[in-house]
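Keep the structure open as you read.

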Amino acid sequence: MAVAGAIIGAAIGGWISDSFGRKKSILLADIVFFLGAIVMAVAPAPWVIIIGRILVGLGVGMASMTSPLYISESSPARIRGALVSTNALLITGGQFLSYLINLAFTKAPGTWRWMLGVAGFPAMVQFVLMLSLPESPRWLYRKNEINEARSILEKIYPAEEVEGELKALQESVEAEIAEEGELGDGFIPRLKGALKNKIVRRGLLAGVTVQITQQFVGINTVLYYSPTIVQFAGFASKQTALALSLVTSGLNFVGSMISMGFVDKYGRRRFMLVSLVGIIACLVALAIVFYQAAATAPAISSIESTHFGGNTTCPAYISAPNSQSWNCMSCLKAPDCAFCSSSTNKLQPGACLASTPGIKSSCREEKRTWYSEGCPSKFGFLAVTFLGLYIICYSPGMGSVPWIVNSEIYPLKYRGTGGGIAAVTNWTANLLVSETFLTLTNALGSAGTFLLFSGFSAIGFVAIYFVVPETKGLPFEEVEKLLEKGFKPKAFRSKEKKEISKENHASSSQSV
């Protein structure tokens with residue numbers, strides 16, 4: 001429900017941002033998020049928590065598209081990528097801190113109320129600090145607040161560059177005003193104007209492509225379900241799974257630091273393409289590891305399965321015609337059943353038992369390990385290693401860069417609208433992928449699911465290669481000109497030039 005709220009928040013956030021300003025949009029997002037956190041903390045019933053989640057989602061959705069936009073428009077072109085990457089850095093840092101804070105609250109009275117309520121604190125801090133920051137100078141110029149825009153630009157750019165920035169802004173705004181005269185103002189005319197505008201359409205193609213790819217590499221399933229995935233890999237303890245998940249979120253934070261340091265040097269496009277190569281390799285490796293873990297899962301012993309008494313054995317195992325071929329994975333796929341490992345060695349044949357709290361306690365009393373999500377495996381460490389490598393490959397490229405691209409690829413008038421459409425696409429893809437992940441693992445197995453995501457990642461690589469231009473270090477106005485001409489990958493541009501050159505040479509020969 002939080003992700004569903006974020007879809008709505010991103011949709012209205014673009015319009016609010018363009019109509020009332022980037023700063024006011026962020027302030028409103030803080031208020032909505034704070035209210036959502038308080039509603040969840042004091043919730044007397046589950047349905048009230050759901051309302052709180054929707055409110056929190058609205059705030060997240062609005063902020064997810066407005067914050068990169070605000071940072072981008074308030075930054076010099078030469079360091080714009082690094083500063084927008086700071087947004088991603090602090091999000092991943094926040095995720096890491098939230099794991100630590102929630103771990104601390106597991107022992108506190110009113111556990112979950114504290115976990116959900118404390119989220120209102122950073123929103124409150126941001127609201128107070130935002131009051132001291134200026135509005136986006138580009139938005140102000142668009143609203144004819146030219147003197148105020150100039151004073152802010154003077155604080156951002158060296159004195160000799162201010163006039164050039166103002167002139168470029170003037171040309172951009174005059175062109176947009178002329179177009180606005182033809183289409184009219186307001187949300188619907190603006191949306192129609194965006195879709196009719198060739199530059200915006202090309203920008204949206206690039207912006208939406210990177211946002212969909214960001215989600216379909218499967219990252220949020222890894223972040224949302226990392227404790228579950230770690231258990232799939234054979235780590236039965238939920239505490240161990242949570243601790244290892246803390247490592248994955250920490251690696252996400254480290255990856256964001258890499259992006260902040262190098263994205264303006266090596267470029268947005270290259271970062272994403274290299275990131276996707278690493279992601280595909282890690283997903284294929286994870287698929288192989290999980291396949292091997294499933295293939296070598298411990299067998300089910302009929303003696304072990306009856307060890308705890310007749311009524312404790314998994315009913316599906318008793319009635320199965322091929323029960324002698326069952327292993328741990330077969331047991332876990334059966335409804336309401338779990339695996340109790342051998343008392344001597346976890347990898348030796350164990351018991352397939354009914355999954356009840358009493359039987360679980362009986363299993364553990366004999367110093368055995370209870371598995372309900374994954375099976376004991378010698379490949380568990382490899383799974384966690386490749387999971388960490390996957391996040392290191394993802395975070396600097398596909399984690400941060402799509403937000404940078406969307407903060408700088410649209411014309412000023414449509415920047416909020418374009419960013420909003422792309423953010424809605426992102427959150428919708430997020431919802432689709434995260435809601436289907438556990439269903440996919442049940443249907444395809446963990447190995448098949450990771451292999452599917454590797455296929456989606458390969459498609460994303462091809463799409464980004466062909467439709468996303470490089471915007472590194474370009475002023476916004478130059479990005480518009482680049483889109484107006486249309487983008488082709490360098491390999492295809494050189495081929496086209498050769499063909500044109502041949503045609504010209506042939507034409508010249510005929511004339512002679």
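**Notes on disulfides and a cavity**

1. Start with the pairing. Number the bonded cysteines of the protein chain in sequence order, and they pair 1-4, 2-8, 3-6, 5-7. There are four disulfides in the structure. In general, a disulfide is a covalent bond between the sulfur atoms of two cysteines. Here the term is applied to a pair of cysteine sulfur atoms within 2.5 Å.

2. A word on the model. It is predicted, so local features need pLDDT of at least 70 and side-chain atom pairs count only at pLDDT 80 or more, while totals for chains, interfaces and linings use all residues. Residues are numbered from 1 along each chain as its sequence is written, and side-chain values use heavy atoms, with hydrogens and water left out.

3. Take cysteine 328 and cysteine 375. Their sulfur atoms sit 2.1 Å apart, and the two form a disulfide. The angle about the S-S bond is -95°, and the link is left-handed. This pair links distant parts of the chain, 47 residues apart: cysteine 328 is in helix H18 (residues 328-333), and cysteine 375 is in the loop between strand S3 (370-371) and helix H20 (380-399). Helices (H or I, at least four residues) and strands (E, at least two) are DSSP runs, numbered from the N terminus.

4. Are these two cysteines buried or exposed? Cysteine 328 counts as buried because its relative accessibility is 0%. Cysteine 375 is buried too, at 3%. The cut-offs are under 20% relative accessible area for buried, over 50% for exposed, and partly exposed in between (1.4 Å probe, protein chains only).

5. Helix H18 also holds cysteine 331. A disulfide joins cysteine 331 to cysteine 352, with 2.2 Å from S to S. The torsion about their S-S bond is about 95°, so this disulfide is right-handed. Cysteine 352 lies in strand S2 (residues 351-354), 21 residues from cysteine 331, and the pair links distant parts of the chain.

6. Next comes the disulfide of cysteine 340 and cysteine 363, whose sulfur atoms are 2.1 Å apart. This link is right-handed, because the torsion about the S-S bond is about 95°. It connects distant parts of the chain, 23 residues apart: cysteine 340 in strand S1 (residues 337-340) and cysteine 363 in helix H19 (residues 357-365). Cysteine 340 and cysteine 363 are buried.

7. Cysteine 393 is in no disulfide. Cysteine 282 counts as buried, at 7% relative accessibility. Cysteine 393 is partly exposed, with a relative accessible area of 23%.

8. Finally, the cavity. A search of the whole structure finds one cavity of 30 Å³ or more. A cavity is a set of points, on a 1 Å grid over the protein atoms alone, where a 1.4 Å probe fits but cannot get out; lining residues have an atom within 4 Å of a point. The volume of the largest cavity is about 60 Å³. Its lining residues include Met65, Leu69, Trp403 and Gly419. Helix H3 (46-73) and helix H21 (401-408) are the elements that give two or more residues to this lining.

Key: 1 Å grid on protein atoms, 1.4 Å probe; cavity = no way out; pocket = protein on both sides within 12 Å on 5 of 7 lines; lining within 4 Å. Points joined across faces, edges and corners; volume = space filled by probe spheres on them.
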